[in-house]
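This report describes the architecture and selected local features of the structure displayed below. Please keep the sequence and the model in view while reading.

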Amino acid sequence: MEKHLIEELETKRAQVVKIFKFSNVDGPGNRMAIFFQGCNFNCKYCHNPETIPFINPEVKLMSVKDIMDMLGNLHYFLEGITVSGGEATLNYEFISELFKEIKGKYPNLTCFVDTNGSLDLSEAKFEQLMNTTDKFMLDVKAWDHTAHESLTDMANKIVIKNLDYLIDLNKIYEVRVVVLENEIFGSEETVKNVSEKIKNTDIKLKLIKYRPHGVREEMKKELRPPSVKKMERLRDISLEIGVSGVQII
Amino acid sequence: MNKALEIVTSNKMTFEQKVINLARYAESTIDVLEKSDRIKEYLENGIVCDLFEGNAPYRPRYILPDYEKFMKTGSKFLELEPATNIFEATNNLLIFYKHVPSITTMPVYLGNIDYLLEPYVKNEDEAYLAIKLFLKHIDATITDSFCHANIGPKDTKAGRIILRVMRELQLPTPNLTLKYDETTSDELAVQAISTGLITAKPSFADNRKFEKDFKGDYGIVSCYNGLKVGGGANTLVRIRLRKLSLQAKSIEHFFETVLPEVSEEVLKYIDLRSKFIVEESNFFESNFLCTEGFLAKEKFTGLFGIVGLAECVNNLLKAEKQEDKFGYSAIANELGIRVVSAIEAYIKGHKTPYAGEFFDNTHLFHSQVGIETDEEESPGCRIPVGQEPEIFDHIIQSAPFHKYFPSGVGDIFVFDETYKRNPEAILNIIKGAFKTDLRFFSYYCTDCDVVRITGYLVKRSEMEKLDRGQIVLRDTEALGKGSRDNGKALDRRVRN
C-alpha cells in the first residue's frame with residue numbers, strides 16, 4: 001500500500017486531508033482551503049494529530065488538475081486559495097504548480113500558504129513557491145528555542161529566519177501564536193518578540209487560545225488553556241508595541 | 001362569541017391592531033366577487049390561497065409611490081411644499097408614509113431613502129440626528145415589518161448614515177435592501193454586510209437583473225418583491241404546490257391536467273380581484289397618490305405566487321432518500337424547473353386588461369415565502385429548512401430558479417459570528433452568487449436579536465414576550481412566532 005502511495009505521489013499527486021470550498025478563517029475574504037497530510041513538527045497542542053504522519057492511506061490523492069476542476073464555478077465566490085496542513089510547504093512542488101495554474105487561469109485569486117516556517121524559504125528550490133505565493137501565514141510556536149523544542153520536537157532557528165526573510169519581502173499576511181496558560185512555553189515572550197518584528201507594518205497578529213478539543217489525551221495533561229485576562233494582556237502588550245491588527249481567536 | 005366583540009375585548013391586541021382587525025371583519029361580511037365554483041373549491045381545500053386579502057379589495061396589495069417626484073413637487077392634497085433641509089425632508093416623508101396604504105394598511109415601500117435624503121445632507125452630525133429620529137419614528141409607527149426601504153447602488157453619505165443608525169437601533173422596521181452592482185463600492189458593501197450581521201439587514205439585490213426586468217426604476221418591497229416604482233401589485237394569489245401534487249396520479253397527469261387547471265383558475269381569480277380594485281373601488285380615481293401622479297394604473301400588475309415546490313417535486317417523484325430529493329438530485333431539480341417554467345408559460349400566455357400596459361398586460365410570477373399556517377410547504381422554491389446542503393451547492397442549486405421570478409425569490413443564509421471578523425468573505429459569496437444567476441441574497445448572524453423569518457424581520461426578544469402572553473407592538477411578531485413554531489423558520493443550517 002505504502003509503495004503504491006509513494007508512486008502516486010511521484011506522479012504529482014498530493015495527499016489531501018480535506019478541502020473547504022468556503023473558509024472565512026484562513027486569510028482575507030472567502031477562500032478555498034486545502035489541508036495536506038504530513039507535518040515535520042509534532043506540536044503538543046495539535047488539534048488534528050491525524051494529519052501529522054507523512055503517509056496516511058486513508059486520505060485522498062489529488063492532482064493539480066483535480067483541484068483546478070473544482071474551481072470551475074467556485075472561483076467566482078472566492079477571494080483566493082489557502083494551502084495548509086499538516087505542513088503545506090512539504091508539498092512545495094505541488095503547491096508551486098497549483099499556484100502557477102491558478103495565477104494563469106484566475107489572476108484575481110490570491111494564493112496564500114499557511115506554514116510552520118520550518119523549511120528555509122530562502123533556498124533556491126523554493127523560488128517558484130515564493131514567486132507564486134502572495135502571502136504567508138506564519139506560525140511562531142515559541143521564541144525561546146527550548147520552549148519550541150519542548151512544544152514541537154523541533155528547533156525554531158529556521159522559523160525566526162523565515163520571519164525576517166518574509167517580512168523583508170512583504171510576504172506575510174499574519175503571524176499566529178497559540179497561547180497557553182503555562183508560561184513554561186513562553187507565550188508572553190513569543191508575543192513580545194514577534195510584535196517587535198512586525199510593529200509598524202500591516203502584518204496582523206492572531207493570538208489563538210489553546211483549546212483541548214482534538215488534542216491527544218497524553219498531551220492534554222500538561223497544557224492549560226489561557227485565561228481571558230492573559231489573552232487580553234498579551235493583546236494589549238502587542239498593541240502597545242505597535243502592531244496594527246491584533247485578533248484574539 | 002361574536003367575532004367583532006371578540007376583537008374589541010381582546011387583551012392580546014394593541015388598539016391599532018383592533019381597529020385593523022375590525023375593518024377586516026367588516027370587509028369579510030360583504031361578498032362581491034363572483035368567484036367560479038372551481039376557485040371556491042380550491043380556496044376551501046387550501047390548494048389556492050389569497051393570503052386573507054379580503055372579500056372586497058379596496059386598495060392594491062403593494063403600492064410603490066414615486067417618492068422622487070414627491071420630493072420634487074411636494075403634495076397639494078397633503079399641503080406639503082418640497083423640503084429645503086434634512087428635517088423638512090424626513091418630516092415630509094414621514095407624513096407621506098402615513099397616507100400610503102397596502103394590504104397591511106401600512107406602506108410596504110419607503111423608497112430609495114438614501115437617494116431621497118442625500119441632497120439634504122449638508123452637515124453630517126445634523127443628518128445623523130435627523131435620520132436616527134426618522135428611522136426610530138418609522139419603526140414605532142409603521143408597526144408591521146413588511147415595510148421595506150432601499151438603498152444604493154451608489155455610495156452616498158446618507159446611505160452610510162442609514163447603515164450606522166440601523167446598527168445602533170437594531171430594529172426590525174423598516175426592512176432594507178441594498179441594490180448592488182459593479183458601481184457599489186466594496187467599502188459600502190462591507191459596511192452593509194457588517195450591519196446585516198448585527199441586525200439582519202440589508203439584503204442584497206442584483207441591481208442589473210432587476211433594472212433589466214423592470215426597464216429602469218424598481219423597488220424591493222414587503223419581503224423581497226421586485227415591483228415597478230410608480231405602480232405596484234394589485235393582488236397576490238398563490239398555489240400550495242405540495243397540496244396540489246397530492247391530486248396528481250402521475251407526473252404526466254400533473255403536467256397535463258392538474259397544473260394547467262389550477263393555473264387557469266388562479267389567473268382568472270387574480271383578474272377578478274384586480275378588476276374590483278381597478279373598476280369598482282375607485283382607488284385609482286380618488287386617491288391623491290393617483291390624482292397627483294405618484295402612481296399610475298398601467299404600472300400595476302397581479303402576482304401569481306407558489307409555495308412548496310420542494311415538497312411537490314418530492315411527492316411527484318416519490319423521493320424518500322435525501323439524495324433523491326429536491327435540492328440534491330439532478331432529476332428532482334430539473335423537475336422543479338419544469339414546474340416553474342410550465343407556470344411561467346401560463347402566466348405569460350394570459351393577457352389581461354387587469355395587468356398594466358407596462359407589463360405588457362401580463363401578471364408576474366412570485367416565489368412566495370409562505371405564511372405561518374402553511375404545513376409542509378417550504379417557501380417558494382427553497383430547499384426545506386434542515387435539509388440545506390453546503391452553502392456553495394445550495395447557491396448553485398437555487399440560482400437557476402431566480403430568473404423566473406422578477407417579482408421576488410431568494411434564500412436566507414445564517415452565518416456564525418466568525419463572519420463578523422471577516423465580512424469581506426460574505427461579499428465574495430454574494431458576488432459569486434450574482435455571477436451564477438442569483439438575484440437576491442439575505443443573511444443574518446446566529447447571535448442577532450433581529451432575525452429574518454421568511455422575508456420579514458422580527459426581534460427574537462419580542463417573540464419571547466408573545467410566548468409569555470404579553471402584547472407586542474408589531475403584528476409581524478405574531479406571524480414570526482407562528483413561523484418559528486410551525487415552520488422551523490429559525491432552524492436554518494448555520495454556515496461556519
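## Overall form of chain B

The model is predicted. Chain B contains 20 helices and 16 strands. Its radius of gyration is 22 Å, close to the 23 Å that the globule rule gives for 496 residues, so chain B is as compact as a globular protein of that length. The C-alpha trace of chain B extends over about 65 × 55 × 50 Å along its principal axes.

Of the 496 residues in chain B, 62% are classed as buried. Among contacts between residues at least 6 apart in the sequence of chain B, 77% connect residues at least 24 apart. The chain exposes about 18900 Å², and 51% of this area is supplied by carbon and sulfur atoms. Chain B carries 63 positive and 73 negative side chains, with the centres of the two sets 1 Å apart.

## An open sheet in chain B

In chain B, 7 strands make up an open sheet with mixed pairing, in the order S3-S4-S5-S6-S13-S12-S16. Strand S3 (109–112) and strand S16 (494–495) of chain B form the edges, each pairing on one side only.

Strands of a sheet pair through backbone hydrogen bonds, in either a parallel or an antiparallel sense. Strand S12 (residues 411–415) of chain B is parallel to S16(B), with 2 bridges between them. B:Val414 has B:Val494 in S16(B) as its bridge partner.

## An enclosed strand in chain A

In strand S6 (residues 135–139) of chain A, 5 of the 5 residues are buried, so the strand is largely enclosed by the rest of the structure. In a regular strand, side chains alternate between the two faces of the sheet. Both faces of S6(A) are covered: A:Lys135, A:Met137 and A:Asp139 are buried on one side, and A:Phe136 and A:Leu138 on the other.

Strand S5 (residues 110–115) of chain A runs parallel to S6(A), and 4 bridges join the two. A:Thr115 is placed opposite A:Leu138 in S6(A).

B:Gln397 belongs to helix H17 (residues 391–398) of chain B. Its relative accessibility is 7%, so B:Gln397 counts as buried. Beyond its neighbours within four places in sequence, B:Gln397 contacts B:Phe326, B:Gly327, B:Asn333 and B:Ile383.

A:Asn91 is located in the loop between strand S4 (80–84) and helix H3 (92–105) of chain A. A:Asn91 is also buried, with a relative accessibility of 17%. Residues up to four places away in sequence aside, A:Asn91 touches A:Ala14, A:Phe36 and A:Gln37.

## Backbone geometry

Most peptide bonds are trans, and most residues other than glycine have a negative phi. The peptide bond from A:Gly85 to A:Gly86 is cis, with omega near 15°; A:Gly86 lies in the loop between S4 and H3 of chain A. Another cis peptide bond links B:Thr173 and B:Pro174, with omega about -5°. B:Pro174 is in the loop between helix H8 (157–169) and strand S5 (175–180) of chain B.

B:Lys215, which is not a glycine, has a positive phi of about 45°. It occupies the loop between helix H10 (207–213) and strand S7 (218–221) of chain B, and its relative accessible area of 58% makes B:Lys215 exposed. B:Asp437 likewise has a positive phi, near 85°. This residue is in the loop between helix H18 (423–435) and strand S13 (440–445) of chain B, and B:Asp437 is partly exposed at 46% relative accessibility.

Terms used: Residues numbered from 1 in each chain as written. Chains lettered and ligands numbered in written order. Predicted model: local features only at pLDDT ≥ 70, side-chain atom pairs only at ≥ 80, totals over all residues. Heavy atoms only, no water. Rg over C-alpha atoms; globule rule 2.2 N^0.38 Å. Buried < 20%, exposed > 50% of the residue type's maximum accessible area, 1.4 Å probe, protein only. Contact = heavy atoms within 4.5 Å. Areas by Shrake-Rupley, 256 points an atom, 1.4 Å probe, with all protein chains shown as cover. Lys, Arg positive; Asp, Glu negative; His and termini not counted. Charge placed at Lys NZ, Arg CZ, Asp CG, Glu CD. Pairing = 2+ DSSP bridges.
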